[in-house]
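Me: I'm new to this one. Can you walk me through it?

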Amino acid sequence: MDAIACIMSRRTTRKFKGDMPTDKEIGTVIEAARYAPSGMGRQSWHFVVIRNRDWIDRMNDRVYSYVAESSKNSNLERNGEKGYSCNYHSPVFVIVSADPAYGTSEADCACALENMFLAAHAIGLGTCWINQLGKENCEKIRDLATEVGVPEKDMIYGCCALGYPDGEPAPRKPRSESVIYFD
């Protein structure tokens, strides 16, 4: 799949099979993230790959305790009888964090996440951007983040639910008319 086709066909996955991606597949996705652009080439990000079901369940319980009711209801609608899961029951959960002292940390992590999403799509995996652990919520799960190796000084800027898609994604919403050319 060429880069343009990958970008144009990538979709968010909110329904995952329970099968664990291979170490090689996960490694490919993480390596793509490491090749993302970063401000001044600092590469100040950290990637924590979590496959531990117990930790993911504890994280979901914590997130459920503080997310807005509308977010809970939306998630429960999507997950149905499977119940609440901020990561849509993906078998792999990747935390992307960086030291907020660098002015480009948030953008750097966003670029790394996008590389992860595109690489995953290119090799047949699905992803979903998960933001309930980041920014203002970061301290609410600090103990869990520290437990898995997120550096204490880091801010979580985004997470990736990763796994094999279970079914076809929802149709793409029309693109907005947000381009202005000034010659």
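**Around Ile-95**

Reply: Start with Ile-95. Leaving out residues up to four places away in sequence, Ile-95 touches His-46, Phe-47, Val-48, Ile-50, Trp-55, Leu-133, Val-148, Val-150, Ile-156, Gly-158 and Cys-159. Keep in mind that this is a predicted model.

Me: Which residues touch the most other members of the largest nonpolar core?

Reply: Ile-95 is one of them, along with Met-59, Phe-93, Leu-133 and Ile-156. That core has 25 residues.

Me: Which elements give two or more residues to this core?

Reply: They are β1, α3 (53-66), β2, β3, α6 and β4. The most comes from α3, with five residues.

Me: What does the second, separate core include?

Reply: Its 21 residues include Ile-30, Ala-33, Ala-36 and Val-96.

Me: Back to β2, then. How many of its residues are buried?

Reply: Seven of the seven, so to speak for residues 92-98. Val-92, Val-94, Val-96 and Ala-98 point one way. Phe-93, Ile-95 and Ser-97 point the other way. Residues on both sides of β2 are buried.

Me: Which way do β1 and β2 run, parallel or antiparallel?

Reply: Antiparallel. Six bridges join β1 (residues 45-50) to β2. In one of the pairings, Val-49 has Val-94 as its bridge partner.

Me: And how many bridges join β2 to β4?

Reply: Seven, and these two strands also run antiparallel. The β4 strand covers residues 155-163. Its Met-155 stands opposite Ala-98.

Me: Which residues of α5 are buried?

Reply: Ser-105, Asp-108, Cys-109, Ala-112, Leu-113, Met-116, Phe-117, Leu-118, Ala-119 and Ala-120. An α-helix has 3.6 residues a turn, so residues three or four places apart point the same way.

Me: What covers those buried residues of α5?

Reply: The cover includes two helices, α1 (3-9) and α2 (23-34). It also includes the strands β1, β2, β3 (126-130) and β4.

Me: What follows α5?

Reply: Gly-124 does, and its phi is positive, near 90 degrees.

Me: Now the cysteines. How many disulfides are there?

Reply: The count is zero. Take Cys-6: the nearest cysteine sulfur belongs to Cys-160, 13 Å away. Cys-128 is in no disulfide either, with the sulfur of Cys-160 8.4 Å away. The cut-off for a disulfide is sulfur atoms within 2.5 Å.

Me: Why does Cys-6 count as buried?

Reply: Because its relative accessibility is 6%, and buried means under 20%. Cys-128 counts as buried too, because it is at 3%.

Me: Last one. Where is Asn-137 found?

Reply: In the loop between β3 and α6 (142-148). Asn-137 counts as buried because its relative accessibility is 10%.

Me: What does the side chain of Asn-137 reach?

Reply: The backbone oxygen of Gln-132, at 3.1 Å. Leaving aside neighbours within four places in sequence, Asn-137 is in contact with Tyr-66 and Gln-132.

Note on methods: Residues numbered from 1 in each chain as written. Predicted model: local features only at pLDDT ≥ 70, side-chain atom pairs only at ≥ 80, totals over all residues. Heavy atoms only, no water. Buried < 20%, exposed > 50% of the residue type's maximum accessible area, 1.4 Å probe, protein only. Helix = DSSP H or I, 4+ residues; strand = E, 2+ residues; numbered from the N terminus. Pairing = 2+ DSSP bridges. Contact = heavy atoms within 4.5 Å. Polar contact = N/O pair within 3.5 Å; in protein donor to acceptor, adjacent residues only side chain to side chain. Core = buried A, V, L, I, M, F, W, Y, C linked by side-chain atoms within 4.5 Å.
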